[in-house]
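Please consult the sequence and the structure shown below while reading.

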Amino acid sequence: MTFRRYLVLGVITITASCGDTFLSRGMKSLGPVSLAHPTALIHAIFSPWVASGIVLLIGFFASYLTALSWADLTYVLPASSLGYVIMTLLARFWLHEKVSPLRWLGVVFITAGVGFVTRGPSYTDHGSHTAPVRAEGLAAVEPAIEEVRQ
Amino acid sequence: MTHPNAILATAAMIGSIVLWATAGDILTASAMRQLGDLDVIRERSGIWGAAVAVVTNGRFGLGVVCLALSFFSLLFAFSHRDLSLIGPAATSLTFVTNALAAKFFLHENVDHRRWTAAIFVCVGVALLAF
């Protein structure tokens, strides 16, 4: 794991938590959506909070896909869950909200979970046929192929 | 919220989010594994080459459809229930269902370390609701 890859996990963490908060804020301002009028969900997309949330979640999705191309799903998901810890710290120290002892315990559990997973390997190697190895292998032999062509 | 129908409706909303999110995560992860390291693809074909490789992958398309269904289930649930209930419940359950699905469908090496991490994060996210 390089510094750049940890940075990608950081971007996933921040954009996911902020995106969900923006969506919640936008949907609360629109009021309950009835099953009889599902098109209201389409209209909701154009409200400023929901639209901003969607932009952040697009950033999250791009970083998430990048991470999945070099790490396992069971590595990326727990490793990027630090967003909940960041949100709780912001709620306590920036918004001055009251955070219950159980929530602090939740923060401890998440931090421990992230610690566990990030100390292990990030990718399951299924042998020489796996995609990353194949991609790197192709990159390595491409100059030789070019030489033969010339 | 103590009415049985209300509890059932909440469970159905959470279940729908978890089901579509897990299917979407597994399909997109499978697509990315099939494509290989995006950094390598980007170095060779540029950012648009990498984007085209991702967008034209069939599993990725199916995964996006599942994630979109999960997203609309989430929006629907947010409009009826609190974020503090729906967010942690759906997210924490998704950690466990994803670990199970990744082991069986993606054949990932979900060892004791990863199970411990998934369960710790699941419990931690659930505790944030209190």
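From the N terminus, chain A runs α-α-α-α-α-α-α, that is, 7 helices and 0 strands. The model is a predicted one. Chain A comprises 150 residues, of which 39% count as buried. Among its contacts between residues at least 6 apart in sequence, 75% join residues at least 24 apart.

## Leu23(A) in helix α1(A)

Helix α1 of chain A spans residues 3-30 and contains Leu23(A). Is Leu23(A) buried or exposed? Because Leu23(A) has 26 C-beta neighbours inside 10 Å, it counts as buried, the threshold for burial being 20 or more.

Once neighbours within four places in sequence are set aside, the contacts of Leu23(A) are Val50(A) and Gly53(A) in chain A and Leu75(B) and Phe78(B) in chain B. Leu23(A) also lies 9.7 Å from Ser47(A), C-alpha to C-alpha, although 24 residues separate the two in sequence.

Helix α6 of chain A, residues 101-118, is 18 residues in length. From its first C-alpha to its last it reaches 26 Å, close to the 26 Å expected at 1.5 Å a residue. Which residues of α6(A) are buried? They are Arg103(A), Gly106(A), Val107(A), Phe109(A), Ile110(A), Gly113(A), Val114(A), Phe116(A) and Val117(A). An α-helix has 3.6 residues a turn, so residues three or four places apart point the same way. The cover over the buried residues of α6(A) includes α4 (73-79) and α5 (82-93) of chain A, together with α5 of chain B.

The axes of α5(A) and α6(A) are 9 Å apart, and the two helices pack at an angle of about 145°. The crossing of α5(A) past α6(A) is left-handed. On the α5(A) side, Leu82(A), Tyr84(A), Val85(A) and Thr88(A) take part; on the α6(A) side, they meet Arg103(A), Val107(A), Ile110(A), Thr111(A) and Val114(A). This contact of α5(A) with α6(A) consists of 6 nonpolar, 2 polar and 1 charged residues. Arg103(A), Val107(A), Ile110(A) and Val114(A) are among the buried residues of α6(A) and also belong to its contact with α5(A).

## Chain B: overall organisation

Chain B has 5 helices and 0 strands, in the order α-α-α-α-α along the sequence. Its C-alpha atoms fill a box of roughly 55 × 35 × 25 Å along the principal axes. Of the 130 residues of chain B, 46% count as buried. Of the contacts in chain B with a separation of 6 or more, 76% are between residues 24 or more positions apart.

The axes of α1(B) and α3(B) come within 7 Å and cross at roughly 155°. The two helices are therefore roughly antiparallel to each other, and the crossing is left-handed. The contact of α1(B) with α3(B) includes 15 nonpolar, 9 polar and 1 charged residues.

How do α1(B) and α4(B) pack, and at what angle? Their angle is about 40°, with the axes 8 Å apart, which makes α1(B) oblique to α4(B). This crossing is right-handed. From α1(B), the contributing residues include Met13(B), Ile14(B), Ile17(B), Val18(B) and Ala21(B). From α4(B), they include Ile86(B), Ala89(B), Ala90(B), Leu93(B) and Phe105(B). By class, the contact of α1(B) with α4(B) has 13 nonpolar, 4 polar and 1 charged residues.

## The contact between the chains

How many residues does each chain bring to the contact? Chain A supplies 42 residues and chain B supplies 44 residues. In chain B, at least two residues of the side that touches chain A come from each of α1 (4-35), α2 (38-55), α3 (58-80), α4 (83-105) and α5 (112-127). The largest share, 11 residues, comes from α5(B). By class, the side of chain B that touches chain A has 26 nonpolar, 11 polar and 7 charged residues.

Two details given above also concern both chains.

Terms used
Residues are numbered from 1 along each chain as its sequence is written. Chains are lettered from A and ligands numbered from 1 in the order in which they are written. This is a predicted model: local features need pLDDT of at least 70, side-chain atom pairs count only at pLDDT 80 or more; totals for chains, interfaces and linings use all residues. Two residues are in contact if their C-beta atoms, placed from the backbone, lie within 7 Å. Helices (H or I, at least four residues) and strands (E, at least two) are DSSP runs, numbered from the N terminus. Ala, Val, Leu, Ile, Met, Phe, Trp, Tyr, Cys and Pro count as nonpolar, Asp, Glu, Lys and Arg as charged, and the others, Gly among them, as polar. Axes are lines fitted to C-alpha atoms, for helices over the stretch in contact, and angles run from 0 to 180 degrees between N-to-C directions. Angles under 35 degrees count as roughly parallel, over 145 as roughly antiparallel, 65 to 115 as roughly perpendicular and the rest as oblique. A crossing is left-handed if the near helix is turned anticlockwise from the far one by less than a right angle, and right-handed if clockwise. The expected span of a helix is 1.5 Å times one less than its number of residues. A residue is buried if 20 or more other C-beta atoms lie within 10 Å of its own, exposed if 12 or fewer, and partly exposed in between; C-beta atoms are placed from the backbone.
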